[in-house]
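Trainee: I am new to this structure. Please show me how to read its features, one at a time.

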Amino acid sequence: MRNPPSLTTKLLAMGAVFLLVALGSIGLTLWVTWKLEGGAAAVNEAGRLRMTMLRMVMVMQTEPPAAVQERMRQFDASLELLRTGDPSRPLFVPWSAETRSRFDAIRAQWATTRTVWGSASASATAKENVNLNVNESARAQGRAQLLADGDAFVAQVDGFVEAIEVQIAGWTAALHLFQLCMMAVAIMAAVTFMAVSYLLV
């Protein structure tokens, strides 16, 4: 016949179960918080895309092509950072079907815009070198087109930011719900522990 477990064994077993549940809940909370921090950093980086785009539109009208190329490189770096993420910050996009499709649309539009703006900048430089007079109406039309392209691109980035914010809101709601559940579990565990201790002792 096997001897029944002692009172000390039963109490230690109960304490171990409660400890594991507490450690698991703390670990899950930290993981969700880490995801929220990474998503918030991704929102900031996407906002930097908008700022860089607007500055690029201004630079193309007033600065030499070298400055335009520098802004383009900064834009490429921001896109690559959003694509790969940076766990050390942390920074990463909470990918979903919506965020992925919007990010791919941004990259495709940027590839087209980069080619057009790069060739336009080179063409403007060539005209300046040969001292060609450019019609003022043509310049105004070019500025209007630049602003239209910039506004369209900023609208794309806005949609991407909104998709990230929806994901962050979902994680936040899940975290709040989990915390409420853990409060209920903690109360039930305390009552159960007291009741079982009373019965055993």
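Mentor: Start with burial. Buried means under 20% relative accessible area, exposed means over 50%, and partly exposed lies in between, with a 1.4 Å probe and protein chains only. By that rule tryptophan 110 is buried, at 3% relative accessibility. Of the 201 residues of the protein chain, 25% count as buried.

Trainee: What should I know about the model and its numbering?

Mentor: This is a predicted model, where local features need pLDDT of at least 70, side-chain atom pairs count only at pLDDT 80 or more, and totals for chains, interfaces and linings use all residues. Residues are numbered from 1 along each chain as its sequence is written, and side-chain values use heavy atoms, with hydrogens and water left out.

Trainee: How many helices and strands does the protein chain have?

Mentor: Helices (H or I, at least four residues) and strands (E, at least two) are DSSP runs, numbered from the N terminus. Here the protein chain has four helices and zero strands. Along the sequence the pattern reads α-α-α-α.

Trainee: How do I read an aromatic pair?

Mentor: A pair of aromatic rings is described by the distance of the centres and the angle of the planes. Rings of Phe, Tyr and Trp (its six-membered ring) pair if their centres lie within 6.5 Å; planes under 30 degrees apart are stacked, over 60 edge-to-face, and the rest tilted. The structure holds seven aromatic pairs. One of them joins tryptophan 34 and phenylalanine 92: it is tilted, at 4.7 Å centre to centre and 45° between the planes.

Trainee: Where do tryptophan 34 and phenylalanine 92 sit?

Mentor: Tryptophan 34 is in helix 1 (residues 7–62), and phenylalanine 92 is in the loop between helix 2 (65–84) and helix 3 (97–129). They are 58 residues apart, so this pair links distant parts of the chain. Tryptophan 34 is partly exposed, at 35% relative accessible area. Phenylalanine 92 is buried, at 14%.

Trainee: Why is the pair of tryptophan 110 and phenylalanine 153 edge-to-face?

Mentor: Its planes stand at 70°, with ring centres 6.1 Å apart, so it counts as edge-to-face. Tryptophan 110 lies in helix 3 and phenylalanine 153 in helix 4 (residues 136–200), 43 residues apart. Phenylalanine 153 is buried, with a relative accessible area of 1%. Ring pairs also link Phe75, Trp110 and Phe153 into a cluster.

Trainee: Which residues does threonine 99 contact, leaving aside its neighbours within four places in sequence?

Mentor: Contact means heavy atoms within 4.5 Å. With those neighbours set aside, threonine 99 touches Val93, Pro94, Phe160, Ala163, Ile164 and Gln167. Threonine 99 lies in helix 3 and is buried, at 0% relative accessibility. In the protein chain, among contacts between residues at least 6 apart in sequence, 84% join residues at least 24 apart.

Trainee: What about a charge over a ring?

Mentor: A charge sits over a ring if NZ of Lys or CZ of Arg is within 6 Å of the ring centre and within 35 degrees of the ring normal. Arginine 100 lies over the face of tryptophan 95, at 3.8 Å from the ring centre.

Trainee: Which peptide bond is cis?

Mentor: A cis peptide bond joins arginine 89 and proline 90, with omega about -10°. Proline 90 is in the loop between helix 2 and helix 3.
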